[in-house]
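Welcome, and please load the model in your viewer. We will go from one selection to the next, with a short note at every stop.

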Amino acid sequence: MTAGTASAPTLHLGTNADPHPRRSQPGRTARLRSRLVRAVLAIGFTGVLLMWWMDTPAGPAATPGQLANTIGELAGMLGGYLVCAQVLLIARIPWFESAVGLDKLVRWHRNLGTTVIFLILTHVGLMIVGGMLLDHSTPWNEVFILLGSYPDILTALIGTALFLAVGLSSARLVRMRLSYETWYWLHVTTYAAIFLTFLHQLSAGVNFVSNPVNRLLWLLLYLGTASAVLTWRFVVPAATAWRNRLSVDRVVMESSFAASVWLRGRNLEELGVRAGNFMLFRFIGWGHLLTAHPYSISRVPQADMLRITVGALGDHSSLIRWLRPGTFVFAEGPFGHFTADRASRRRILLIAGGAGIGPICALAEEMTAAGRDVVLLYRARSQSHLALLAELQSMPGLTVIALPGRRWDLGYDPLSEDALAYYVPDVGRREVFICGPEAMALQAESSLRSLHVPGEFIHREELSMS
Ligand SMILES: Cc1cc2nc3c(=O)[nH]c(=O)nc-3n(C[C@H](O)[C@H](O)[C@H](O)COP(=O)(O)OP(=O)(O)OC[C@H]3O[C@@H](n4cnc5c(N)ncnc54)[C@H](O)[C@@H]3O)c2cc1C
């Protein structure tokens, strides 16, 4: 069934909450796996604390200077460990990806960043203060004493400056003023910073110089991290790209705002891409080469074809419509858990806004084909922004309620509690998948919660990882 463009709701019909909501098994498994990853990281953290404790000489706090140095060493070791954890989280390790999901891993990576910078600053500060107290020197003198007395301190200092620059570039206020590309390439220098600061840890760190077991464990941690990055960020994607030979087949304008890119390749079924997954795409063409961008699959994948639908949101996405057939494409992934197997109810409500229609369209296709009862609420800025509408309206078993227009012009919010209850009277019995701009998704989720849809039946895909 298909509905046309909807009119304003006038009454609150209430909801028909599911009296016996079942817990979603994939949701529970995902939560369990995500806890497991956090537990592994916490065990590593405890291991570092033990390394420090076991190897710290008796009476570390005999004088204030010694106390400052001992705590400084600890801060440095924890910072060194958490940097590896941060890198491992975004190294595209398949087990982490399937357990947690790339979007969440990116969030954890970002949240750890503040702690890492704090620990690095604490380490540097306390090593200088400790030295000042022990040597009775001034801060500047102490810096020169440290530079002259220990190997690799100069490289460590350069690495620390790089870490600070990366940390500063990620602060919200600065990040908002930088283009994604500038921020990204600055971020890549973190690898150099890690290498530069690593050397002094083994050659000057008291917990490593005299303890071969600690040295070996630390070396393994860093070598393991480097191997993971090399394997899953470079070798595997390059081999996959060669095997799949993905290239642009054609570009189709879907609305005044969005274009679909059809990609052709070989052995695509081996990738295991599902409707609702996203991949990181790097188009080998002018204006596209420098960064990989995340886009969701907008059609159930076929043997040799994939499709993405891209809204013109910024400089890169606006150029997508000019891609030429034959352009070679590097695609990493698939990533994400916004897939039909998350749903444990037969009745589904899909809510899409703007560029969010891509993954929602693929989900609608897969879910209706599986015989689910699916309603789609489709928000867009205007009628001409409704991409893929004809395709959606021709899907058997899908009820499309198109809701174009700005809230200001409409005079109401089509995703308010009253409006949702009006358009989808049995909303309480449905499992909901939301994808669109953050403000829209938050509004929809808050209305759904007011309508007693349990949180475990609400799935959201963010269109931003920054
Ligand atoms: C999981 C996921 C799925 C997505 N699926 C789709 C989709 O199907 N269709 C669609 O139109 N859009 C999708 N997006 C959004 C799309 O990735 C961005 O709109 C696009 O990268 C913007 O790039 P730009 O250079 O045009 O814009 P900019 O103006 O440079 O950036 C706009 C916003 O996108 C973010 N961004 C830019 N480049 C990247 C990048 N390489 N990686 C992560 N974030 C970036 C920026 O931080 C900024 O918030 C998705 C995003 C995510 C995270």
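**Stop 1: an open sheet**

Start with the strands β4, β3 and β6, which form an open sheet of 3 strands in the order β4-β3-β6, with antiparallel pairing. Because β4 (293-296) and β6 (329-335) are the edge strands, each with a single partner strand, one side of each has no neighbour in the sheet. From one strand to the next, the twist averages 30 degrees; such angles run from 0 to 180 degrees between N-to-C directions, with axes as lines fitted to C-alpha atoms.

Some ground rules before you move on. This is a predicted model, in which local features need pLDDT of at least 70 and side-chain atom pairs count only at pLDDT 80 or more, while totals for chains, interfaces and linings use all residues. Residues are numbered from 1 along each chain as its sequence is written, and side-chain values use heavy atoms, leaving out hydrogens and water. Strands (E, at least two residues) and helices (H or I, at least four) are DSSP runs numbered from the N terminus, and two strands pair if DSSP finds at least two bridges between them.

Now select β3 (residues 278-283): 5 bridges join β3 to β6 in the antiparallel sense. To see one of these bridges, pick Phe283, whose partner in β6 is Val329.

**Stop 2: strand β5 and Thr309**

Next, select β5, where 7 of its 7 residues are buried (buried is under 20% relative accessible area, exposed over 50%, partly exposed in between; 1.4 Å probe, protein chains only). On one side lie Met305, Arg307, Thr309 and Gly311, on the other Leu306, Ile308 and Val310, and both faces are covered.

Zoom in on Thr309, which sits in β5 (residues 305-311). Why does Thr309 count as buried? Because its relative accessibility is 7%. Its side chain makes a polar contact of 2.8 Å with the side chain of Ser260, and another of 2.8 Å with the side chain of Ser298. A polar contact is a pair of N or O atoms within 3.5 Å; within protein, one must be able to donate a hydrogen and the other to accept it, and residues adjacent in sequence count only if both atoms are side-chain atoms. Beyond its neighbours within four places in sequence, Thr309 is in contact (heavy atoms within 4.5 Å) with residues including Glu254, Gly358 and Leu388.

**Stop 3**

Move to β8 (residues 373-380), a mostly covered strand with 7 of its 8 residues buried. β8 runs parallel to β7 (residues 347-353) over 7 bridges, with Leu349 bridged to Val375. Another 7 bridges join β8 to β9 (residues 398-404), also in parallel, and there Leu377 has Ile401 as its partner.

**Stop 4: the nonpolar cores**

Finally, show the largest nonpolar core, with 38 residues, where Met77, Phe96, Phe163 and Trp218 touch the most other members. Such a core is a set of buried Ala, Val, Leu, Ile, Met, Phe, Trp, Tyr and Cys residues joined through side-chain atoms within 4.5 Å. Elements giving two or more residues to this core include α2 (64-89) and α11 (212-244), and α2 gives the most, with 12 residues.
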